[in-house]
Amino acid sequence: MAGVLRLPVSHLDPPEMRETKGRLLQQAGYSEEYKLEEGCGVPQEAMARARVLCMDEMEMYRWKPWGGVGFVSWWNELKAVRMLETEGKKAGVPSFMADLRCICEKMHIPEDDGVKEDIHDARYTRLLDFLAEGGMPRPRVQPCNFPETTGRGLIFTEDVSHPDPVVAVPRKMLFNVEQAAHSPLHKAFEALQLDDDTRLILFLMHEKFGTTSKQWEPFVALLPPSYDTLFFWDDTQLSELNGSRLLSEALTQKQHLRSVFDALFPRLTHAYPVLFPSDVYTFDNMLWARAVFDSRGFIINIEGRQLTTLIPWAEYINHTNLAGHVSFRRFDEASQCMLLESLAHGKKGTQAKMNYGPMQNSELLLSYGFVAEANPLETCVVEVELDDEDELYEVKRQAVEALKIPTPHLLHYVEVAEENPYHYLMAVLRIVVADSLQAVASCVTDAQCLRGPISNDNETLARQTLAWLVEQLMAEYPTTLDEDTSLLQHCRATTARSPHTEVLATPRLEMALLYRIGQKRILQSAIDWATHVA
């Protein structure tokens with residue numbers, strides 16, 4: 001039996017992303033179609049093309065089209081396998097699908113989550129009854145506590161295999177704007193023409209803090225009362241992020257939410273005093289509601305609409321940087337349910353985990369209130385600008401434009417002897433320090449500056465410029481990498497205080513330290529690479 005596997009660039013990608021992926025795939029020489037033969041396995045080039053098609057902007061920034069496509073990240077690998085599964089079904093070659101299932105099983109790497117404790121809380125039974133009344137089949141996972149590692153999570157109640165559904169939540173039990181349309185607030189929403197995100201936040205505030213018509217109380221009662229996201233850090237705690245871009249990003253987001261609140265209140269309270277009482281619709285309560293959606297919301301496609309959604313029961317599943325047991329959530333049109341399916345074999349009594357996506361620690365801190373130690377996805381932004389007083393400015397600007405070099409420029413952790421790890425950034429720096437028209441032309445010819453040095457002198461200047469830029473970023477921090485590493489060790493062993501802010505050792509100080517250490521390791525590795533003499 002034979003079939004054809006087709007892997008076109010997705011029309012769901014933004015136009016710029018589609019154009020970039022198409023160009024890079026053409027440079028790499030990857031075909032759009034692959035002939036599948038029974039028993040011939042998964043074509044390596046098809047797997048490589050799927051990885052490219054599933055890359056996000058950060059992954060594309062790191063990829064070198066002339067270097068092949070091996071493993072990119074666990075998130076990318078998950079998406080690539082799912083794409084091959086979806087398109088492979090159309091090809092109708094059973095052995096190909098069986099080989100993909102084997103790949104799925106091999107992707108799962110067990111993790112030690114430490115001691116587990118049963119949760120005896122009647123509220124979970126009440127929630128399960130509430131969901132069952134709404135048509136949800138009994139899930140294959142139940143809440144459990146892992147005090148040494150993840151805290152509350154989900155464990156398998158039976159053995160599962162790919163692609164068994166782990167949780168299937170009916171459409172009417174998904175907490176989103178479709179359900180908000182049935183709330184007492186709906187007429188006010190329509191009269192004021194509020195956007196979906198605002199409706200959803202106000203709806204959750206009503207269900208959590210209101211006193212009447214609370215249909216979702218069994219679900220909302222189990223939402224965390226507080227969060228460790230940056231919205232809730234005080235000024236002293238936030239000052240532990242001094243020197244980083246994350247601090248200004250956190251403050252900007254909080255200020256934006258404040259402006260949204262001020263635009264709504266007290267205007268809504270005056271217009272609808274019964275629906276929007278001032279003691280319920282406070283800024284602190286809005287911060288809490290926003291944190292719920294940041295940390296627990298999924299964006300899902302239902303009949304062409306992208307809806308931010310809370311998925312009862314499924315939202316207790318914890319994140320892993322690895323592949324995890326559970327694959328993507330997807331809305332199944334046939335059953336009208338939101339499905340979480342098993343990616344690999346899950347053993348009864350073990351914790352079910354899911355990769356939330358390729359998240360850096362800045363995103364984890366902003367949205368979830370935790371960091372991943374030694375996060376392999378961490379990057380730093382470095383800004384490079386052409387000198388507009390340079391007599392070669394215009395020709396250099398055209399050279400950068402012709403090479404279609406993406407921005408912003410990102411640094412990631414590298415080994416000192418790694419060859420051309422920052423190909424886009426170094427390409428720009430080679431152009432920036434070029435001292436003649438001939439040197440600029442050498443950069444552009446066959447995109448040589450993307451592939452490596454154009455001359456020894458130019459490379460020396462480019463590396464010196466990189467080292468200087470990164471040293472400026474490192475100098476923005478009030479502490480050194482060694483000081484942070486030492487303080488983290490003390491923080492974990494004692495009740496140490498930060499010498500910078502006198503903050504007592506707390507989970508938030510530890511998170512700030514882990515974030516700073518991750519950023520500084522990347523910056524130091526860039527300095528080491530730039531100053532290394534082979």
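The legends below describe several close-up views of a predicted model.

**View 1. Helix 1 and the glycine that follows it.**
Helix 1 covers residues 15–28, and its 14 residues should span 20 Å at 1.5 Å a residue, which agrees with end C-alpha atoms that are 20 Å apart. Met17, Thr20, Lys21, Arg23, Leu24 and Leu25 are buried in this helix, and what covers the buried residues includes helix 2 (44–53), helix 3 (57–62) and helix 17 (423–432). After helix 1 comes Gly29, with a positive phi near 80°.

**View 2. Helix 9 and its mostly covered residues.**
Helix 9, made of residues 196–209, reaches 20 Å from its first C-alpha to its last, close to the 20 Å expected for its 14 residues at 1.5 Å a residue. Of these 14 residues, 10 are buried, and the helix is thus mostly covered; among the buried ones are Arg199, Phe203, His206 and Glu207. At the start of the helix, the backbone nitrogen of Asp197 has a side-chain oxygen of Asp195 within 3.1 Å.

**View 3. Helix 16 beside helix 18.**
The axes of helix 16 (residues 393–402) and helix 18 (residues 437–444) come within 10 Å of each other and cross at roughly 5°, which makes helix 16 roughly parallel to helix 18. Where the two helices meet, Val395, Lys396 and Ala399 belong to helix 16, while Leu437, Val440 and Val444 belong to helix 18. Sorted by class, this contact has five nonpolar residues, no polar residues and one charged residue.

Asp446 is exposed, with a relative accessible area of 65%, whereas Ala447 is partly exposed, at 21%.

Phe265 and Pro266 are joined by a cis peptide bond with omega about 10°, and Pro266 is located in the loop between helix 12 (245–264) and helix 13 (267–271). A cis peptide bond also joins Thr407 and Pro408, where omega is about 0°; Pro408 is part of the loop between helix 16 and strand 14 (409–411).

**View 4. Thr479 and its contact with Arg516.**
Thr479 sits in the loop between helix 20 (456–475) and helix 21 (481–493), and its relative accessibility is 14%, so Thr479 counts as buried. The side chains of Thr479 and Arg516 make a polar contact at 3.5 Å.

Technical notes
Residues are numbered from 1 along each chain as its sequence is written. This is a predicted model: local features need pLDDT of at least 70, side-chain atom pairs count only at pLDDT 80 or more; totals for chains, interfaces and linings use all residues. Side-chain values use heavy atoms; hydrogens and water are left out. Helices (H or I, at least four residues) and strands (E, at least two) are DSSP runs, numbered from the N terminus. The expected span of a helix is 1.5 Å times one less than its number of residues. Buried means under 20% relative accessible area, exposed over 50%, partly exposed in between (1.4 Å probe, protein chains only). A polar contact is a pair of N or O atoms within 3.5 Å; within protein, one must be able to donate a hydrogen and the other to accept it, and residues adjacent in sequence count only if both atoms are side-chain atoms. Axes are lines fitted to C-alpha atoms, for helices over the stretch in contact, and angles run from 0 to 180 degrees between N-to-C directions. Angles under 35 degrees count as roughly parallel, over 145 as roughly antiparallel, 65 to 115 as roughly perpendicular and the rest as oblique. Contact means heavy atoms within 4.5 Å. Ala, Val, Leu, Ile, Met, Phe, Trp, Tyr, Cys and Pro count as nonpolar, Asp, Glu, Lys and Arg as charged, and the others, Gly among them, as polar.
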